[in-house]
Amino acid sequence: MERFAPFLKGASSLSDSFDVLFLVLLSLCSVVAFSITFLAIFFAIKYRHSSGANRAKIRKGRAIEFAWIFVPLGLFLVIFVWAANLYIEIFAPPQEDAALKITVVGKQWMWKVQHPGGKREINELHVPRGDTVQLDMISKDVIHSFFVPAFRIKHDVLPHGSISIWFHPTETGEYYLFCAEYCGTGHSRMVGRIIVMEPSAYAQWLQE
Amino acid sequence: MNTNAGPQHRSYIDEGYSLKSWLTTHDHKRIALLYMVSITLFFFIGGAAATIMRLELATAPGDLVTSQTYNKFFTAHGVIMVWFFLIPSIPNVMGNFLVPLMIGARDLAFPRLNLASWYLYTLGGIFTIGALIAGGVDTGWTFYTPYSSMFSNTNVIAVIIGVFIVGFSSIFTAINFIVTIHKMRAPGLTWFRLPLFIWANYATSVIMVMATPVLAMTLSLVAIERIFQVGIFDPALGGDPLLFQHLFWFYSHPAVYIMVLPAMGVASEIITCFSRKPIFGYRFMAYAIIGIAVIGFLVWGHHMFVSGQSMYAGMMFSLLSFLVAIPSAIKVFNWTATLYKGSISFEAPMLYALGFVGLFMMGGLTGLFLASLALDVHLTDTYFVIAHFHYIMVGGSVMAYLGGIHYWWPKMSGRLYPENWGRFAAIVIFVGFNLTFFPQFLLGYLGMPRRYHQYPEELQLLNGLSSAGAAVLAVGYILPLFYLLWSLRYGKVSDSNPWKAKGLEWKTPSPPIKGNFEETPIVKEEAYAYSPQKS
């Protein structure tokens, strides 16, 4: 299985777009957090009770108050639109016929997978690299959630209707599949592996 | 009303020492103390559950308790901390004690209703603790259906009854605060002269009155489905499980603001006092409180971005979640600006309040990640969410609660707490908190799902750090219990205003007399009329 490093490995077409947005927001938030912390500590020292710092003339800062309403608002809107765009991409089903369609059934506490040719597996999902894979998922009992950190995708698997998600694996390897929605006693054992193979190896595996 | 307040200042504590005199009291200050004792008890029960969880998670395999037991512990932790500690903490303890004092009233508008609220809280607590002793419940505090309604074999109904009942104690207190703040302010105390603590409790009360009934209905529906097999949420019976999530979060998202708005009120009182400066942008601060309360009702769907809710609904909820972050940001900026040209001293309440601002800011900023749709897809239901809301509710609300307890302790008890112990505990809590919860952001980003009894070995190091931090945090929380109790007997006797603070609560003796004020005060100045140059 993959080793967890400080940075999470990406293995799908979505992971890079996710990582860029994540890092941009992280940088932005870090700047804000460090500035506020710095200012608070600076003021706390400079204007400590025993200091002789000049405290005369405190102006009413109407302008600055409006500034720190509208500057964050502008930044928020940019992040919102960016993240929403990517969300639409995550939702958008791939070109219907181009995708490899695999059926996934979640039940307490396992993932059952059926490939187009009828091949079945449990808690493992073999997929070819470079293909668009569409998963049609349903639950037999309670709500589960299909979560592959390396692909940056997650979706609840519902008992009352099939939902579809897609991904496009770009790196071969083995990746974690977690159930992310609490589903009872064995929730933390409802863990599987996604095995991304070269297309030829996948074709061979299907035959086995 | 007949008060015995003479020149000798017989305090509210001296009105009676018998158990009966406490259990039948109508005095808001005594009821506040009843609440304080009860929620402290629940805090440590909920904390004990968290201790077991962190011990289990110190190592990767699930080897300390069984999965079923672990699930019951995190459920108990959530249910107890949310409904029996956080929601009643600041409103029912500090609000009960201070709302009448701060507005110059003799009591809350409905003293009997106030006492009834505490009895309901206690009854709800008995049901919940009873259910835990009888074997516990394993649904998580969120009671997601159809697991809670049709699949769990545990004491779901008893806990639902407990939460249902305790909801009415919230509603009773909220009604009391709303009426009191509208009708019983001292002459001259206009709305824009009110301390922000009052604004915060007012807004919180409105949320409680509007949201809590929805929780009661929702949990009743779960019980109805569970007992009578009526199809409401379980698709096998013709129900819709997403309906439950919408109803549940319609209450439970605003509930976050029930927990944090009063904390913001407390921080505002403390920061102005120890900066000796009026709060920066008073009106914006008041509007921000109202803004948060209103928009907070419209963002519940951000808990459901990957639940199967429509993509367009997700986009609306995301946008509104960014909007609700604006007033929160304003508050952080204004607290920081209040320090500018202040005359700042660092007594324990101030350390707690500054810690609150820092941790709340961290919680707020990480909330932006979760409001961002595509980022939330990866981060939701992981430890990133756990870290985020603990920064808000524990880093924020509990820090503010403890800051408030220290700040008003002389008023409540008539004694000063030992200052250096207070400062020491504040620092231990701040350090322990960050050590516990910061690693959880990394765990969540790396993909560790919440509510996992066991986890991949690679995550051992970060989980170990978190568990070690929890040990430090536990020490930090136990310290005040000891030195505050110690101070009741051995602490220095406090005068009526040890912090030289503004506000009507400091114009009456410490501890106050039964009817609060011998003469109704008349307010002639704005809130926080501090001057950094004089003192």
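**View 1. Phe42(B) is buried, at a relative accessible area of 8%.** Buried means under 20% relative accessible area, with a 1.4 Å probe and protein chains only. The model is predicted: local features need pLDDT of at least 70 and side-chain atom pairs pLDDT 80 or more, while totals for chains, interfaces and linings use all residues. Residues are numbered from 1 along each chain as its sequence is written, chains are lettered from A and ligands numbered from 1 in the order written, and side-chain values use heavy atoms, without hydrogens and water.

**View 2. The structure holds 69 aromatic pairs over all chains.** Rings of Phe, Tyr and Trp (its six-membered ring) pair if their centres lie within 6.5 Å; planes under 30 degrees apart count as stacked, over 60 as edge-to-face and the rest as tilted. Phe42(B) and Tyr121(B) are edge-to-face, at 5.8 Å centre to centre and 85° between the planes. Phe42(B) belongs to helix α2 (residues 28-57) and Tyr121(B) to helix α4 (residues 111-133) of chain B, so the pair ties together parts 79 residues apart in sequence. Helices are DSSP runs of H or I, at least four residues, numbered from the N terminus. Tyr121(B) is buried, at 1% relative accessible area.

**View 3. Phe197(B) and Trp408(B) form a tilted aromatic pair.** The centres are 5.6 Å apart, with 55° between the planes. Relative accessible area is 0% for Phe197(B) and 0% for Trp408(B).

**View 4. The charged end of Lys119(A) sits over the ring of Trp205(A), 4.6 Å from its centre.** The criterion is NZ of Lys or CZ of Arg within 6 Å of the ring centre and within 35 degrees of the ring normal.

How values were computed. Helix = DSSP H or I, 4+ residues; strand = E, 2+ residues; numbered from the N terminus. Buried < 20%, exposed > 50% of the residue type's maximum accessible area, 1.4 Å probe, protein only.
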